[in-house]
Amino acid sequence: KRLLMVDDIAKLKPFHWGYHFDRVLERGGFDAIITNPPWEVFQTDEKEFFQQFDNLIRKKNLDIKMWEKQRGKLLEDIEIQDAWLEYCSSYPHVSAYFKKAEHYKNQRSEMGGKSVARKINLYFLFVEQCFNLLRNGGECGIVIPSGIYTDLGTKQLREMLFSQTKVTGLFCFENRKTIFEGVHRSFKFVVLTFEKDGITTQFPSAFMRLDVQELQGFPTVDSLQISVDLVRKLSPDSLSVMEFKNEVDVQIAEKMVKFTLLGQKQWNFSLRQEFNMTTDSHLFQQERGKGRLPLYEGKMIHQFTHQWGQPKYWIEESEAREELLKARLKKINKLVKDANIDVSINPQLIRLDYEFYRLAFRDIARNTDERTIIATILPPKVFCPHTMSVETVYEDEVKKGIINLNLMSVNVMDKVFVSAVLNSFVADYIIRQKVTAHVSFFFVYNLPVPRLTTGDKYFKEIVQRAAQLICTTPEYDELAQEVGLGSHKEGVTNEVKRGKLRAELDGIIAHLYGLTEEEFAYILTTFPIVSETVKIAALDAYRDVERGLI
């Protein structure tokens, strides 16, 4: 709120690289930097701060209500209050600097022309600062979380590494043997090495390693080399690096990138999140009631079924519609303004996404789970929180001075086809090499999917089998009719028959991608928790397709 004074600077005790290492920086920078930076978000931590004032807060399982009550009492003390305010005031300006300074320009990532929202993680800053402090030709070795090669927020850092340095190694550990104490055993971290002032066309890699001793001989002439060109083809928006384990992984990926990515315009396919479990919780009711529709959480669905769990919450349709309509009208009004047209819109005539069949998948998933992509088609008249990503049914547009409010993004046949591909072992295998804890929109958008239509080989076979798995209740009668089934009564509920249909889908889709039997068999080995019976059935189905029996 006022000008910075010399006393302020003295109190802040800044560390200035140019002052402390003037001779090093005058000659261009450091020859080498080796570092293990903090792996934490730059933000205030109430409990950590108040621990110095009250033993009660040190209890790990402190109830949130007790904490809020105790916090209020603590802040009645003027000294504690001043200390807390001073602590909080040290964050906003520094945070703004990290976000805006030219020195940290690679902290800002964009996807589809939009900035990626993210918190400031200190290791992000260290990666760029190491680059800044190196001389041309200088080398860096840094130990950081695996998010450096997967997360959307680190996309621009990957671009910096690929285009302005020569990456000399990407060695990823899983902490299963407690290399770092106090870090979860499933946590993955990386030893990243790079040389400043170069271009990376390919780099040596190793993933999911457990023993530190393996690092001694890395890289060798036999280390797996990943092509940056392949990374750009597989993840053009995010530049996420897949966790390839061997040459077979690379070989399969090169076959798959020949197909159109699901997020490209040929598909006209888009995703959204509808409600948030926290910010929209005021809308949620815990009892059924007239005029209320169920809230479908991610844990309520599984592959090809919407009946994996029962709803815990319901929402008044009128209230939900009002909330969703606000957001829709905002977009429509922007279209109208940008197109400079004069049009009257009746909100009552606008149909919203929840009124239609929608492709949906779970947001929360790990690459160590039995299956990573969990997708199905939801029936009309259900709402979804942020734990479920759903397809956008309508994409409004302006053509010839007229606003079109009812432009279907993907037809029903395509929805069913895409759900079958997403639930296949092949698509799951690709996704789980990128995912850590969430199936992000961008991972799904960057999935190569063969663009089949009615009349193409395998299209009808895939759609009808998937529809039999999905259409098992009366809500799906209309969908069943559209895809060629009479009603939900032609759906399959017997678990043995469902297993056979799923195996056939996996066999057909593996052929669709042009995989050999050896490649498909290898993919099945990457699902250790899936039962051998299921994997054998899928491989047998692959052979039946080859013999023309399916």
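A charge is taken to sit over a ring if NZ of Lys or CZ of Arg is within 6 Å of the ring centre and within 35 degrees of the ring normal. By that rule, the charged end of R371 sits over the ring of F425, 4.1 Å from its centre. R451 lies over the face of W267, also with a distance of 4.1 Å from the ring centre.

Before I go on, the basis. This is a predicted model, in which local features need pLDDT of at least 70 and side-chain atom pairs count only at pLDDT 80 or more, while totals for chains, interfaces and linings use all residues. Residues are numbered from 1 along each chain as its sequence is written, and side-chain values use heavy atoms, with hydrogens and water left out.

Now a sheet. Helices (H or I, at least four residues) and strands (E, at least two) are DSSP runs, numbered from the N terminus, and two strands pair if DSSP finds at least two bridges between them. An open sheet of four strands runs in the order β9-β15-β13-β14, and its pairing is antiparallel. β9 (271–272) and β14 (375–378) are at the edges with a single partner strand each, so one side of each has no neighbour in the sheet.

Take β13, residues 358–362. With β14 it pairs in the antiparallel sense over four bridges; A360 stands opposite T376, and L359 opposite I377. With β15, residues 388–391, β13 has three bridges, again antiparallel, and here R362 stands opposite M388.

Is β13 enclosed or exposed? Five of its five residues are buried, so β13 is largely enclosed by the rest of the structure. For the cut-offs: buried means under 20% relative accessible area, exposed over 50%, and partly exposed in between, with a 1.4 Å probe and protein chains only. In a regular strand the side chains alternate between the two faces of the sheet. In β13, R358, A360 and R362 point one way, and L359 and F361 the other way.

Next, the rings. Rings of Phe, Tyr and Trp (its six-membered ring) pair if their centres lie within 6.5 Å; planes under 30 degrees apart count as stacked, over 60 as edge-to-face and the rest as tilted. A search of the whole structure finds 34 aromatic pairs. One of them is F21 with F30, edge-to-face at 5.2 Å centre to centre and 65° between the planes. F21 is partly exposed at 31% relative accessibility, whereas F30 is buried at 17%.

Y149 and F207 have ring centres 5.3 Å apart and planes at 65°, so this pair is edge-to-face too. Y149 is in helix α9 (residues 147–150) and F207 in strand β7 (residues 202–209), 58 residues apart. Y149 is buried at 2% relative accessibility, and F207 at 3%. Ring pairs also join F42, F49, W84, Y87, Y91, Y97, F98 and Y104 into a cluster.

Last, salt bridges, meaning a side-chain nitrogen of Lys or Arg within 4 Å of a carboxyl oxygen of Asp or Glu. The structure holds 30. In one of them, D31 meets R135, with the closest N and O atoms 2.4 Å apart. D31 lies in strand β1 (residues 30–35) and R135 in strand β4 (residues 134–145), so the pair ties together parts that are 104 residues apart in sequence. R27, D31 and R135 are linked in a network of salt bridges.

K188 and E243 form a salt bridge at 2.7 Å, N to O, and both residues are buried.
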